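Welcome! Take a moment with the structure shown here, and then let's work through some questions about it together.

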Amino acid sequence: MAKTVLQLDLDDARIAAVADVLSNKTAKKILSLIAENEMSSSEIASRLGLPLNTIGYNLKKLVESELVDKV
C-alpha cells in the first residue's frame with residue numbers, strides 16, 4: 001500500500017473535524033481503503049467486515065471534514 005500524505009494549514013477551519021476523524025480507527029481504515037479505489041458503502045463494509053451503519057456514520061464524518069467527496 002502506498003503512503004498517503006495529508007497537508008493542512010494550521011489556520012484551516014477544518015482542523016478540528018479532521019483531527020476528530022483521524023483519531024477514529026475505523027475512519028482511518030476507510031480512508032486508506034478508498035484512497036486507492038472508489039467504493040460503495042456496501043463494498044467498504046464487506047471489505048472491512050463491518051456493519052453498513054458503522055461505515056455510513058464514518059463516511060458522513062469523512063465527508064463533513066472534506067477528506068472525501070460523495071459521488
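Q: Is the crossing of α2 past α3 left-handed or right-handed?
A: This is a predicted model, in which local features need pLDDT of at least 70 and side-chain atom pairs count only at pLDDT 80 or more, while totals for chains, interfaces and linings use all residues. Residues are numbered from 1 along each chain as its sequence is written, and side-chain values use heavy atoms, leaving out hydrogens and water. A crossing is left-handed if the near helix is turned anticlockwise from the far one by less than a right angle, and right-handed if clockwise. By that rule, the crossing of α2 past α3 is right-handed.

Q: Which residues of α3 meet α2?
A: Contact means heavy atoms within 4.5 Å. On the α2 side are Lys29, Ile30, Leu33 and Ile34, and they meet Ile44, Arg47 and Leu48 of α3.

Q: How are α2 and α4 oriented to each other?
A: The axes of α2 and helix α4 (residues 52-64) lie 9 Å apart, at an angle of about 75 degrees. Angles of 65 to 115 degrees count as roughly perpendicular, under 35 as roughly parallel, over 145 as roughly antiparallel and the rest as oblique. α2 and α4 are therefore roughly perpendicular.

Q: Which element of the protein has the highest mean pLDDT?
A: pLDDT is the predictor's confidence in each residue, from 0 to 100, and the protein averages 89. Helix α1 (residues 15-22) has the lowest mean among the elements, 88. The highest mean, 97, belongs to α3.

Note on methods:
Helices (H or I, at least four residues) and strands (E, at least two) are DSSP runs, numbered from the N terminus. Axes are lines fitted to C-alpha atoms, for helices over the stretch in contact, and angles run from 0 to 180 degrees between N-to-C directions.
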